[in-house]
Structure formats: structure tokens, C-alpha cells
Amino acid sequence: MSDITLLPAVTAFLAREHGVFIHGQHLASQSSSNIAVVNPANGQTIAHIADANQAEVDHAVSSSRQGFTAWSHTSPAARAAVLFKLADLLEANREELAQLETLQSGKLIGISRAFEVEQAAHFLRYYAGWATKITGQTITPSLPSFAGERYSAFTLREPIGVVVGIVPWNFATMIAIWKLASALTTGCSIILKPSEFTPLTLLRIAELATEAGLPAGALNVLTGGGLVGKALIEHAGTDKVSFTGSVPTGIAVGQAAMGAKLTRATLELGGKNAVAFLPDVATDKAVDGIIEAGFLHSGQICAAGERFYVHRSRIDPLLDALSQRLGQLKIGSPLDEATQFGPVANKPHQQKLAELFAIARAEGSQIIHGGTLGDGPGCFVEPTVILARSASDTLLTQETFGPVATFLPYDDEDELLHLINASPYGLSASLWTNDLGKAMRMIPQIQAGTLWVNMHTLLDPAVPFGGIKASGIGREFGSAFIDDFTELKSVMIRY
């Protein structure tokens, strides 16, 4: 097969001059610098974006403060209606958005359609349903009455204000939808700062949001590098940051937010997620689980498995079967619907993985499969399987965020639990077994914000998601997001 044909709308969008999106419209940027957006599958520049300057940051914040006033006073039902309309527009423009996403990120076109657009619309509808269900409590105080007076109390959930949403490059559309949905559902306004590697879909979605009826200023989009995000976080006119990204950057974001003015922060960071197979799991099922956990979207998922623990009696046949399966994958253009494995998202990340492979070889780890970069101009990395020497090996402690599965054998369940928990991170983990009783006994002992049994990576909007330890602060999805995007106001009345 060959690459799909790009839609005329996609070609036209790429040819535009991409400025910033402020107060309901695209504006030509006044910045003196721009940034190339490169297709990671072939190394070709597909567009240029603005690297927003301080004046544009100020303009966006001023717009967002106006937008917050209007949007926070919009009825919950009306807010929900706009978000439902935006979900419809995402689906109506599915192919355009999916093609833009694949061109900018290297994501397989099927994943772009199914996850970046269809799942994003599904999540958006879930969030929209909460707009009419944000409630407080009534409370009966225990204050003594001195002259017959009585007391009553209640709580209110009020929108926190102007939110800064900093979006990573791995799921540029879906994660942006999570952030704008959390903010807009609760009555906040939001300024989104996409990754400079993957900004195009968000600029298009901003147009769709206006078409859906979102008032000017409720959603603004500023493109650029890390200094744009920093300026937004530290700006006197912003009230909260929602960041998804690496642990080191997330710590810096949290410090900047707290140091500026105690700006509220939700940090969904990465980790070194464990995947544990008990001896009763069949080899073919384990191989399926490893590919699901570690190789979907070339492993570029914050919750992807990176540390794989297999009972010593099973590890050799499992690694043999896994290597055979990976060797059969069709690696190629992500716009070819027959491709099963595409590039990583950008050159710096490809180079980081090459450096990690060199470290693994220097430490004496055994590379069972892969461990090389692809030929040609694209950012291809061969799916890689590594057998570590010990739990302290770099590739068992440092996040790779790529198509790299590092294995270590274990001898008993006590050792397995120790290995799973011996990490400063705690975003996710998965346990694979046919013994439900054993799984239920192990679940409370595993330190992770999300734990899957006989599955990995899949998320549902009704199930809260987030990390413990160094993997983040706060939760997304469910009703948990409401706590992070509202302030709790207590009211007491004497009568």
C-alpha cells in the first residue's frame, strides 16, 4: 500500500501563515522569530509557527480575563451545549485533524483517527456532562446558641480563573482537549500553549471552538518555546497551570508556579512504569501485553510500560517470542494505513534514545532486539528489547519515553513487589495473571496512581488518572478534576 492522499483542507491549512489565536481570531504574530514544524517521518518542514513575544502573552492574558468574566457567568447548561457542539465538530473534521496530527507527530494515521479525534470527542462529551452537576454541600454547624440564634452553612464550587494549559507533543490533540474541557466545564477560561513540535491541530481546534459558540477570550492559543509557557505561568493575570510532560520539567513548572504567586498547579508527569507478569500467564498473551504496554505509539505515552518483570523460569522463551513478533512489524510511513510502527516524534528525542542505547551497551545490558536508529531522514527507532543486568541499570531507572522495553527476571512475589515499588515514580503499573485472588492481594501493595490488571495504557474518562510520588500532583477525569479547577468557598449564616 501507499500513503493516503492529503485532503485539500490540510494542504491549505499548512500553507497558511500561522500566527497566534487570541480573542476568537487568528492574528499575525508580532514576534521577530518563528519555529519550523518538521514531519518526523521524512524530515521535511511542513509549516512555521510564531514564537510568541511578551506583548502577545500580555494580550492573551488580558483576553482570557475578559473571557473568564463572560464564560463563568454563562449557565452550566449553555456551557455544556457549546462543548457538545465542539465534540460534534471534532468528529465532523476527523480526517483533517487526524492528517494534521500524523504529519506533525509521526503518529500512525489509524491512531490519530481513533485516539486523537474520536477518543478526544468522547472525553469532551464526558466532561461536558459534568457542567450541570458541579455541586456544594449543606452543613449544620455545631456552634452553641446564646440567645436563640441559629446557624446554617453551605459550600460553593467556584471556577478558579484563568488557566494555563501546557500540552506535550505525544498526544497534542487529545491532551489539549482534556485540559480545555476541564477548564471550560468548570467555568474557567484557558490559554493553551502547545509543544513547538506539534502545534498545528490545536490552532485548528481553536477555530472550531469559536464555530461551536465559545465566546472570545474563553480559549486562547499561544505557540512558541518554553519561555512562552514560563511567561504565562508567572504572569500576574493567570491563576492556575495544568502541565503534562516530563518529571524534570514538571518540577520546574511547579516551582515557578508556587514561586510566582502560589499559582495552583496540576502536574501530570511521567514515570518509569512497571509491567509484571506472574508465571501463570501464557507466552502469547504476555507478548500481546508487552506490545500493548510498551510499543503503542512507539512507547511515547506517559503511562507506557518501561520496566518489565518476568519470572526467571519464563523469561527466555518470552524474549524469543517477543523478538520474533517485533521483527515482523511493518515499519514505515505513518500515512500508510498498512504501517504498524512509525517514527518517534522529533530529532532531539531520537537522539536521546540513541544515547540511552549507548549507555545500555556500556553498562553491559544485553540488547535482545533493536537498539538502532532507522536509515534516512526520518526519526525512526527500531523497537527495542533489552535484558538488564540489575535493577540499577540506567534503562530501568531513567524514563526512555520510546519504543524500549527493558526486562529483569525475578524469583518470587516478595522480590517482584520490591522491584515494582523501588522507584521514585508512581504514575502507573500493570499486573498480568490468571489468579484473581493473588492479584487482589497484590493490588494494595503496588505504589501507583493507576494500576491495570491484564491490560495497560487504556484510559476511560470516568476513571480518575494521575500519579503519586514524583509522577505528579492532582487527577484528571472522573469528577476528580473538579477539585483542581475550582476553589471551595464556605458560607456561614447566623439568623
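Is cysteine 188 buried or exposed? At 0% relative accessibility, cysteine 188 counts as buried, where buried means under 20% relative accessible area, exposed over 50% and partly exposed in between, computed with a 1.4 Å probe on protein chains only. The model is predicted, so local features need pLDDT of at least 70 and side-chain atom pairs count only at pLDDT 80 or more, whereas totals for chains, interfaces and linings use all residues. Residues are numbered from 1 along each chain as its sequence is written, and side-chain values use heavy atoms, with hydrogens and water left out.

Cysteine 379 is likewise buried, at 4% relative accessibility. A disulfide is taken to be a pair of cysteine sulfur atoms within 2.5 Å, and by this rule the count is zero.

The aromatic residues come next. A pair of aromatic rings is described by the distance of the centres and the angle of the planes. Rings of Phe, Tyr and Trp (its six-membered ring) pair if their centres lie within 6.5 Å; planes under 30 degrees apart count as stacked, over 60 as edge-to-face and the rest as tilted. The structure holds nine aromatic pairs. In one of them, the ring centres of phenylalanine 123 and tryptophan 178 are 5.5 Å apart and the planes stand at 40°, so the pair is tilted. This pair links distant parts of the chain, since phenylalanine 123 belongs to helix α5 (residues 109-130) and tryptophan 178 to helix α6 (residues 174-185), 55 residues apart. Helices (H or I, at least four residues) and strands (E, at least two) are DSSP runs, numbered from the N terminus. Phenylalanine 123 has a relative accessibility of 1% and therefore counts as buried; tryptophan 178, with a relative accessible area of 5%, is buried.

Tryptophan 178 also forms an edge-to-face pair with phenylalanine 477, at 4.7 Å centre to centre and 80° between the planes. Because tryptophan 178 lies in helix α6 and phenylalanine 477 in the loop between β21 (472-473) and α15 (480-485), the pair ties together parts that are 299 residues apart in sequence. Phenylalanine 477 is buried, as is tryptophan 178. Ring pairs join Phe123, Trp178, Phe465 and Phe477 into a cluster.

Rings also take part in arrangements with charged groups. A charge sits over a ring if NZ of Lys or CZ of Arg is within 6 Å of the ring centre and within 35 degrees of the ring normal. Lysine 107 lies over the face of phenylalanine 171, 4.7 Å from the ring centre. The charged end of lysine 240 is placed over the ring of phenylalanine 485, at 4.8 Å from its centre.

The UniProt annotation "active site", from an unreviewed entry, covers Glu268; UniProt positions are given in the numbering used here, feature names are shortened, and annotations may be inferred rather than shown by experiment. Glutamate 268 is found in strand β11 (residues 264-268) and counts as buried at 4% relative accessibility.

Serine 64, in helix α2 (residues 54-72), is buried at 0% relative accessibility. Not counting residues up to four places away in sequence, serine 64 touches Val162, Ser189, Ile190, Ile191, Gly217 and Asn220.

The strands complete the account. Two strands pair if DSSP finds at least two bridges between them. Three strands form an open sheet in the order β5-β6-β22, with antiparallel pairing. Since β5 (138-139) and β22 (486-494) stand at the edges, each with a single partner strand, one side of each is left without a neighbour in the sheet. β5 pairs with strand β6 (residues 151-159) over two bridges, and threonine 138 stands opposite phenylalanine 154 in β6. Nine bridges join β6 and β22; the bridge partner of arginine 157 in β22 is leucine 488.

Strand β15 (residues 384-387) has both faces covered: Thr384 and Ile386 on one side and Val385 and Leu387 on the other are all buried. Strand β14 (residues 366-369) is joined to β15 by three bridges and runs antiparallel to it, with glutamine 366 opposite leucine 387. With strand β16 (residues 404-410), β15 pairs in the parallel sense over four bridges, and there leucine 387 has phenylalanine 407 as its bridge partner.

Definitions and conventions
Contact means heavy atoms within 4.5 Å.
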